[in-house]
Amino acid sequence: ELLIPPTPCHAKTNVMFLKTHKTASSTVLNIMFRFAERYNLTVALPADQLFHLGYPRTFVAQFVEGFEAIGQNYNIMCNHLRFNPEEVKKVMAANTFYFSILRNPIPLLESSYIYYKNNVPAFWSSKNVNDFLASPTKYYQPADYRENIYARNIMWFDFGYDNNAEDDAKYTQAVLQEIEQNFHLILIADYFDESMILLKHTLCWDLDDVIYFKLNSRSQDTVQTLTPESEEQIKAWCSLDWKLYLHFNQSFWRRIEETIGLEVLEKEVDHLRTRQKELMETCLSEQEAVRKDHIRNKALLPFQSGVANILGYNLKQDLDNRTLRTCQQMVMPELQYMSYLYAVQHPHKKRKDLGLPLLWTQEKME
């Protein structure tokens with residue numbers, strides 16, 4: 001029998017990633033930005049001094065820098081936005097690949113609580129996350145919905161739906177179907193390495209395209225332990241997110257079994273972790289993320305929020321230029337990376353003011 005060689009696939013370069021909140025999406029964003037640089041792709045970046053694409057307002061094409069001039073010629077879109085398919089289609093090519101990521105709502109809500117403690121009225125006066133969950137309606141006013149989105153069904157909201165909607169079976173079913181129509185792939189943050197392997201296969205990317213260092217994570221001492229009652233309460237309080245998560249967690253594993261198989265998956269996850277370890281040994285002076293006050297180069301300081309201590313990295317001294325560049329890309333926090341790409345793509349526009357020293361300037365690039 002003649003064995004037909006597998007058709008070599010081509011890396012997909014038109015990709016829209018819906019960046020959801022507190023779902024390891026900053027790490028995915030870094031992967032997307034590095035990919036855009038590697039292939040010299042155009043990224044749909046927030047206009048003027050905006051740091052995200054109009055969030056929490058529903059996305060419109062005008063939120064993208066240069067949309068009037070560039071039209072549908074963007075390759076990558078991955079900054080925070082509230083999904084609005086009609087408007088996104090004005091920006092992205094017809095053959096764009098759409099994907100997003102979800103996380104178990106139980107750890108997600110605890111993470112939101114710590115990260116947004118100072119920004120969300122519903123979280124202000126509660127003593128801790130368990131206190132909030134003991135009677136969320138006491139603290140949560142749907143009328144403050146703009147400020148309170150992080151306190152309830154945040155993923156549902158990010159996908160463009162009403163996070164205070166009645167959890168009605170017919171309605172949730174319709175939404176899940178619509179999301180399936182709009183997105184080619186939904187990853188699961190709780191299985192991040194497995195997600196990266198599935199992404200690599202689906203987009204026909206290389207292993208190094210999906211290697212990552214964990215970004216925007218916080219120190220363990222700011223994690224609050226949820227009581228079993230609180231965990232159950234989250235499933236009820238964030239029932240729309242819970243249904244969303246259960247549905248796509250199932251389809252995620254089904255997709256893996258149909259396309260890669262669990263055995264190959266396990267091998268590839270091992271490769272990914274080995275390669276990641278190699279890179280960490282090459283790049284980092286400590287073999288792990290460090291607390292904000294231990295970050296030596298302030299240009300690499302991640303944005304700090306709430307009562308979380310957002311960790312970052314120190315790079316080794318004396319790396320050769322090429323290795324240094326690779327390592328810097330791996331650890332670059334999202335705001336710095338975004339503002340740098342913005343300056344590269346829109347050199348005539350005023351730089352975004354982050355109030356931080358610059359790691360790379362234009363000249364360094366050319």
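Tutor: We shall go from the overall fold to charged side chains.

Tutor: This is a predicted model, in which local features need pLDDT of at least 70 and side-chain atom pairs count only at pLDDT 80 or more, while totals for chains, interfaces and linings use all residues. Residues are numbered from 1 along each chain as its sequence is written, and side-chain values use heavy atoms, with hydrogens and water left out.

Student: How many helices and strands does the protein have?

Tutor: Helices (H or I, at least four residues) and strands (E, at least two) are DSSP runs, numbered from the N terminus. In this protein the secondary structure comes to 18 helices and 4 strands.

Student: What does the radius of gyration say about the protein?

Tutor: The radius of gyration is taken over C-alpha atoms, and the globule rule is 2.2 Å times the number of residues to the power 0.38. For 366 residues that rule puts a compact globule near 21 Å, and the protein has 21 Å, which agrees. Its C-alpha trace spans about 60 × 55 × 45 Å along the principal axes.

Student: What share of the residues is buried?

Tutor: Buried means under 20% relative accessible area, exposed over 50%, and partly exposed in between, with a 1.4 Å probe and protein chains only. By that rule 55% of the 366 residues count as buried.

Student: How much of the contacts comes from residues 24 or more positions apart?

Tutor: A contact means heavy atoms within 4.5 Å. Among contacts with a separation of 6 or more, residues 24 or more positions apart account for 71%.

Student: How many salt bridges are found, and which residues form them?

Tutor: A salt bridge is a side-chain nitrogen of Lys or Arg within 4 Å of a carboxyl oxygen of Asp or Glu. The search of the whole structure finds 16, including one between Asp-209 and Arg-38, whose closest N and O atoms are 2.6 Å apart. Asp-209 lies in helix H12 (residues 207-210) and Arg-38 in helix H1 (residues 25-38), so this pair ties together parts that are 171 residues apart in sequence. Asp-209 is buried at 6% relative accessibility, whereas Arg-38 is partly exposed at 46%.

Student: Where do the partners Arg-291 and Asp-221 lie?

Tutor: Arg-291 and Asp-221 meet in a salt bridge at 2.8 Å, N to O. Arg-291 lies in the loop between helix H15 (262-283) and helix H16 (321-331), and Asp-221 in the loop between H12 and helix H13 (228-237), so the pair ties together parts 70 residues apart in sequence. Arg-291 is partly exposed at 32% relative accessibility, and Asp-221 is exposed at 55%.

Student: What separates Arg-275 from Glu-278?

Tutor: Being 3 residues apart in helix H15, Arg-275 and Glu-278 are separated by about one helical turn. They form a salt bridge whose closest N and O atoms are 3.1 Å apart. Both count as partly exposed, Arg-275 at 25% relative accessibility and Glu-278 at 39%.

Student: Which side chain of opposite charge is nearest to Glu-194?

Tutor: Lys and Arg count as positive and Asp and Glu as negative, while His and the chain ends are not counted. Glu-194, in helix H11 (residues 192-203), is buried yet has no salt bridge, and the nearest side chain of opposite charge is Arg-273, 4.4 Å away. Leaving aside residues up to four places away in sequence, Glu-194 touches Phe-252, Trp-253, Ile-256, Leu-265, Val-269 and Arg-273.
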